[in-house]
Amino acid sequence: MSAQSASAKKIGLIGLGSMGFGMAASLARAGHAVTGFDVNADAVARFAAEHGAGAASPAEAAADADIIVVVVVNAAQTRAVLFGDDGAAKAAKPGAVIIASATMSPDDAKGLARDAEALGLLYLDAPISGGAQRAAEGALTILASGSPETFAAARPALDAMAAKLYELGDAPGVGAAFKMVNQLLAGVHIAAACEAITFAKRFDLDIAKVYEVITASAGNSWMFENRIPHVLDGDYAPRSAIDIFVKDLGIVADMSRATKFPTPMAGAGLQLFLMSAAAGMGRDDDASVARLFAQIAGLELPGAKT
């Protein structure tokens, strides 16, 4: 038996969306036996044809798995696929490790960990960052917290999915808190980038040239560089949707209120994402905040109608 096959694990991955499919593919390329589940049967069929096996339920994906990776939208979905009808946690063998990658509040992560541990399972609080392309490349950043035993059990999967793994503490909830700091910045930066490019349009500047200049200047940000090409192309197919930041900045607002810590920039960003969702763009790319500004100001952006 080769060194690779000796270290191969049986992995169930739940959530074959834009991030989860790439993560599952990366796990399969690393030599692990991966079974994927998603509510979208077409995604399951595609994964089974290209990389591994498909399952008809979270429980089936988790059966006999050493590692269960959950890549769904939020805490409620994580709880449902783990502990609901045909839930993965109920079907998992004792000692299996759950890697939970949804963005959620620290309190939700702690609650899920307690319930998993009560069933004899290990739980790694492991939100992710990097986007669909890095997920497909096995090059994500993972912000994780959990016991040393949990990290050891999860390591084969983490090594296949991440270029950067941050081990942030022994207790679930710490990884989630780090992710919310990231999401505060990400949401504010997207909103600011969209405001800036439509501000430029108001003054009838060549916004493609604005993009060139700003990306070479001190005002640049990763989000400006990544999202503004969507505006320039008039392409609002969702890589990351408006509704994601309604959720994530909403979590920031809840944490802010609970701890009486002011987050005015995040609050303003949340309102812009909410306004974009209310205008019918909730499932569109989060660069659609630029379309909101264009609608308000009566401006015409490239490509898609504003």
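Predicted model: local features only at pLDDT ≥ 70, side-chain atom pairs only at ≥ 80, totals over all residues.

Residues are numbered from 1 along each chain as its sequence is written, and side-chain values use heavy atoms, with hydrogens and water left out.

Side chains of opposite charge can pair when their charged atoms come close. A salt bridge here is a side-chain nitrogen of Lys or Arg within 4 Å of a carboxyl oxygen of Asp or Glu. The structure holds 10 of them.

**Stop 1.** Select R46 and E50. Their side chains form a salt bridge, 3.3 Å from N to O. Both belong to helix α3 (residues 41-50), where they lie 4 residues apart, about one helical turn. Helices are DSSP runs of H or I with at least four residues, numbered from the N terminus. R46 has a relative accessible area of 45% and is partly exposed; E50 is also partly exposed, at 45%. Buried means under 20% relative accessible area, exposed over 50%, and partly exposed in between (1.4 Å probe, protein chains only).

**Stop 2.** Go to helix α11 (residues 207-214) and select K209 and E212, which are 3 residues apart, about one helical turn. Their closest N and O atoms are 3.0 Å apart in a salt bridge. K209 is partly exposed at 43%, and E212 is partly exposed at 46%.

**Stop 3.** Select K247 and D248. Are these two residues buried or exposed? K247 is buried, at 18% relative accessible area, and D248 is buried at 1%. The salt bridge between K247 and D248 has its closest N and O atoms 2.5 Å apart.

How values were computed
Helix = DSSP H or I, 4+ residues; strand = E, 2+ residues; numbered from the N terminus.
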